[in-house]
Each structure stands twice: as structure tokens, then as C-alpha cells.
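This report looks at charged and aromatic side-chain contacts, and at one helix, in the structure shown below.

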Amino acid sequence: MSSKLVAAAVVAIVCLVSIVGATGTATAAGGPPSIAAGPAFGFVPSRNVNHQAPKRHLQLLVWHNGPVMHSTSVVPVFWGSRWNNSSFVGDKITGLDYVYSHVGGSRYANTNSEYYDGSGNVNTTSISKASDRTDFSATPSGAPSTGQVLAEVARVTNNSPVPNAYYPVYSDQPRGNAGYCAWHSSGTINGIRVQFGFFFNLDGDPGCDPQAPGSLGHSQGLSALANVTGHELSEVLTDPQLNAWYDQRGAENADKCAWTFSGFVTIGTQSWKIQGNWSNAAANTNSGYANGGCIQTS
């Protein structure tokens, strides 16, 4: 992640935090919940604003004493009226469901396993998918704040989310002028800690397209979502509450390898074009495929 991108991300985080106070008590089904949303982390920059800097000073990920995930339940949320349109949906929901249902125990997920907290290493096998949640109500215009996205999680869970689960929220809206494709965050709903993420609709979006070949059998929109889905899931596993693993510039393990690839990864029986993740171990031996530390399988 370049210093220019870091500065842009910091500005975006400040803007999001400033909005949380106004949206943190948004009304959800069952009454107004008490919600507290953290800032957005792990922005996946559009590829036209991301430039991998030449390797100069090795910046390893450092543990900041926060927790990692030892068991992960994923509850995908599909938000927006277009998710009720079969031509828009296409293979996106079934494809993302497949990724979440089969990523646990994969060699791709295992790229996150070297990171730890006081209770042990990230568990990359115990990743399970719960039933999808769908909300056909209109999404906010423009880029939503973390508070608005957490309020949506509260809405679809009737203010009672699964404790410590991960709720990736997929919008039916394109990113427009936003310089990023997705992000993740953490917060509480009525005192219950959850992780959550936000993803724009990436159909026909060249700035967020991994350019996966059609021979893999996935539509362009699904391939784009799958790539950023892997990015955010990896960061939820290793930095769920935004206080565990990141480098001195604030970059998390997937940030450091954004838009870098080395072939494809296998999830279940399917091949996908999903970026790699940073490995301190690989960086120390300069054995990674990009910048010395990026790996796609482990």
C-alpha cells in the first residue's frame, strides 16, 4: 500500500467515523438498537489508484495485543432491491455461498494461520457459513458509513446478531466515485460484538476486476466480488477488532498484497482468481511471490 493510498484511507476513515455518531442509533426492526461501529479498515483500493511500491524497508506485521479468530461463523447479507431480480443476481449469491461454505480448511485460508493471539493461532479450518440474510429495501445513496452498514446488520438480525460472527454486507449499488471496492470493520449491537464488511456491486467495474478468465466458470461480477471477499475475510481472521495484526503504516495482511496474484487458488473443487496474503515467515526468507512476502497458498 503506497503512502498516498494510506493518506487517502486515513481521510476516508476520519469521514466514516464522523458519520457514525449520526447513524449509530438508526432504527431497525424490533426497535432502535444500541450500536457502536468502529472505523473502516482494510480498504481494497480500486486498481487504478493502487501501485505496489518497490521493496525497500521490510515492514512485517506486528501483533498489537488484539484477538484473532479461533472460530468464524459467516452470515452473508444481500442488501438492495436488485437482489430480488434474477438477471442481476445471476451466479453471485450461489458463488459467494460456495466460497464461504468451502473456504474453511483450504490452502488459501491457511495463508492466515501463522498469526496468533494469547489463545493460539488463527483457526483457518473452523470457518462455517450460516444462512444468508436478504433485505430488498433501498441502500443509501453513495458510500455508506460504517454506522449505516452496522445498522443494516442490526435490521436483518432483529437486533440479535450471532456473537462474534462476521456479517459481510453486499450492496446492489456500484461504487461510483469511491476509490475503493470493499472494507471491513467491527462493532457492537446491543452490546454483542460482531465483525462486518461492506462490498459494492462490481459488475462491469474495471477498477475492481481481477480479470479472471472466463474458463474458470464464474461471471465477471462474481469473480470481482470473490477476490475482494477473500481480502476482507483474511483481514477479519487476522485483525477482527482492528487491534491485532498490521504493520507500522496500518496495512493488514491482505492490504500488503492487494492486486497481486500468482495463478489461481482452489476452494472446494473450483478455481478462483483471488489475491494472496502477506506472510511474515515468507517475507523473512524472501520466498513470497510479490514484495517478498505474499503467498496464495500455505
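## Charges over rings

A charge is taken to sit over a ring if NZ of Lys or CZ of Arg is within 6 Å of the ring centre and within 35 degrees of the ring normal. Lys256 lies over the face of Trp278 in this way, at 4.4 Å from the ring centre, and the charged end of Lys273 is placed over the ring of Phe261, 4.8 Å from its centre.

## Basis of the values

The model is predicted, so that local features need pLDDT of at least 70 and side-chain atom pairs count only at pLDDT 80 or more, while totals for chains, interfaces and linings use all residues. Residues are numbered from 1 along each chain as its sequence is written, and side-chain values use heavy atoms, with hydrogens and water left out.

## Salt bridges

The whole structure holds 6 salt bridges, each being a side-chain nitrogen of Lys or Arg within 4 Å of a carboxyl oxygen of Asp or Glu. One of them joins Lys129 and Asp97 (3.8 Å, N to O); because Lys129 lies in strand β8 and Asp97 in helix α3, the pair ties together parts that are 32 residues apart in sequence. Helices (H or I, at least four residues) and strands (E, at least two) are DSSP runs, numbered from the N terminus. Asp97 and Lys129 are also linked with Asp132 in a network of salt bridges.

Arg175 and Asp205 meet in a salt bridge at 2.5 Å, N to O, and since Arg175 lies in the loop between β10 and β11 and Asp205 in the loop between β12 and α5, this contact ties together parts 30 residues apart in sequence. Both Arg175 and Asp205 are buried, where buried means under 20% relative accessible area, exposed over 50% and partly exposed in between (1.4 Å probe, protein chains only).

## Aromatic pairs

There are 12 aromatic pairs, in which rings of Phe, Tyr and Trp (its six-membered ring) have centres within 6.5 Å, with planes under 30 degrees apart counted as stacked, over 60 as edge-to-face and the rest as tilted. The rings of Phe43 and Tyr180 have centres 4.9 Å apart and planes at 70 degrees, so the pair is edge-to-face; Phe43 is in strand β2 and Tyr180 in strand β11, 137 residues apart. Phe43, Tyr180, Trp183, Phe196, Phe198 and Phe200 form one aromatic cluster.

## Helix α5

Of the 19 residues of α5, 18 are buried, so this helix is largely enclosed by the rest of the structure.
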